[in-house]
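Let's take a walk through this protein and see what holds its parts together. Have the sequence and the model side by side as you read.

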Amino acid sequence: MKQQLTNIWKDWRLHTVVLIIVLLTETIGTHSFTVGPGVVLLLPMLYAIIIGLALFFTPVIKDKQSKNAEPLIVLGVTVLIAKIGVIIGPSLPQIIEAGPALLLQEFGNLGTILIALPVAILLGLKRESIGMTHSVAREPNVGLIMDKYGFNSPEGRGVMAIYIFGTVFGAVFMGLISGFLATWTPLHPLSFAMASGIGSGSMMAAASGSLVAAFPAMENEILAFAGASNLLSLSTGLYMSIFIGLPITERLYQIMTKNKKYNTSESKGA
């Protein structure tokens, strides 16, 4: 194991490629454009994912670099979770002041289980569907699945697939859907501001940006509710997944696949 870690840190090709991608994407910066009432944000993370995927199919990235990058993903997620923990402590007074509506909004994220899990199983996905549908698959949820099942498990592959998909398309989707629904439905704009905080800064920014563009007179209220909602999702979303989301997903998966051969654990933690 020690030798493997040494080889990873000595992989100059991998670190050089990552550094170049970071410098390039940060130089490009964030750009946005409007589509109807929605605001679409193009973030550096989006460019990094696309460039990294493209380089994977070129001689620049070899199998060695791909394998060495896997443990570094876990390390990166660990750092992000630590940062989230630091944010939660000083913000506890804001969470208390947010009120019961914001506290209960986290239950809305369980809709990914009730809606997406049956669809995933119908499409033929196996235990990957547990990682894919137990949450919206942001950083804390990725860390949870990796800790419980392992990076190379079916559940790990499922959550990473949704994490990458959300990184590429999540902000675009949230930016469009929030503006469209807020202007096309009778629901109050602040309800959509609360719904935009799902634990992703980029998705929240895209969604709240669309709402502000549609309701400029309510800019301060929209940003306040969106920020509080996102903070709550960051602080309580992981516990919701641990104690409610993941157990429900496991149980529903067992029920839905009761008579199928692949209703057996393929991972270390199940």
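Before we start, one term: two residues are in contact when they have heavy atoms within 4.5 Å of each other. Keep in mind, too, that this is a predicted model.

With that in hand, which residues does Ser 208 touch, leaving out those up to four places away in sequence? They are Ile 222, Leu 223 and Ala 226. Ser 208 itself sits in helix 12, which covers residues 201–214. Its relative accessible area is 5%, so Ser 208 counts as buried, the limit being under 20%. There's also a C-alpha distance to look at here: Ser 208 and Gly 227 are 19 residues apart along the chain, and their C-alpha atoms are separated by 9.0 Å.

## The overall picture

Zooming out, the protein has 13 helices and two strands. Of its 270 residues, 40% are buried. Take the contacts between residues at least 6 apart in sequence, and 74% of them join residues at least 24 apart.

## Helix 7 against helix 13

Now for a helix pair. Helix 7 (residues 111–122) and helix 13 (residues 219–256) have axes that come within 11 Å and cross at roughly 35°. The crossing of helix 7 past helix 13 is right-handed. On the helix 7 side, the contact is made by Ile 113, Leu 114, Leu 117, Pro 118 and Ile 121. Helix 13 answers with Gly 245, Ile 248, Thr 249, Leu 252, Tyr 253 and Met 256.

## Salt bridges

How many salt bridges does a search of the whole structure find? It finds three. Side chains of opposite charge can pair when their charged atoms come close.

Arg 127 pairs with Glu 155, with the closest N and O atoms 2.5 Å apart. Arg 127 lies in the loop between helix 7 and helix 8 (128–133), while Glu 155 belongs to helix 10 (residues 154–184), so this bridge ties together parts that are 28 residues apart in sequence. Both Arg 127 and Glu 155 are buried. Arg 127 also forms a salt bridge with Glu 250, where the closest N and O atoms are 2.9 Å apart. That one links distant parts of the chain, with Glu 250 in helix 13 and Arg 127 in the loop between helix 7 and helix 8, 123 residues apart. Why is Glu 250 called buried? Because its relative accessibility is 11%, and buried means under 20%. For Arg 127, the value is 3%.

The remaining bridge joins Glu 128 and Arg 157, at 3.7 Å from N to O. Glu 128 is in helix 8 and Arg 157 in helix 10, 29 residues apart, and this pair too links distant parts of the chain. Arg 157 has a relative accessible area of 44%, so Arg 157 is partly exposed. Through shared partners, salt bridges join Arg 127, Glu 155 and Glu 250 into one network.

Which residues make the nonpolar patch of about 330 Å²? Trp 9, Leu 75 and Val 79 do. Leu 75 is placed in helix 4, which runs over residues 63–88. With 42% relative accessibility, Leu 75 counts as partly exposed.

Definitions and conventions
Residues are numbered from 1 along each chain as its sequence is written. This is a predicted model: local features need pLDDT of at least 70, side-chain atom pairs count only at pLDDT 80 or more; totals for chains, interfaces and linings use all residues. Side-chain values use heavy atoms; hydrogens and water are left out. Patches are made of residues with over 30% relative accessible area and no salt bridge: like charges are joined within 9 Å, nonpolar side chains (Val, Leu, Ile, Met, Phe, Trp, Tyr) within 5 Å. Accessible areas come from the Shrake-Rupley method with a 1.4 Å probe; for residues, only the protein chains shown count as cover. A salt bridge is a side-chain nitrogen of Lys or Arg within 4 Å of a carboxyl oxygen of Asp or Glu. Helices (H or I, at least four residues) and strands (E, at least two) are DSSP runs, numbered from the N terminus. Buried means under 20% relative accessible area, exposed over 50%, partly exposed in between (1.4 Å probe, protein chains only). Axes are lines fitted to C-alpha atoms, for helices over the stretch in contact, and angles run from 0 to 180 degrees between N-to-C directions. A crossing is left-handed if the near helix is turned anticlockwise from the far one by less than a right angle, and right-handed if clockwise.
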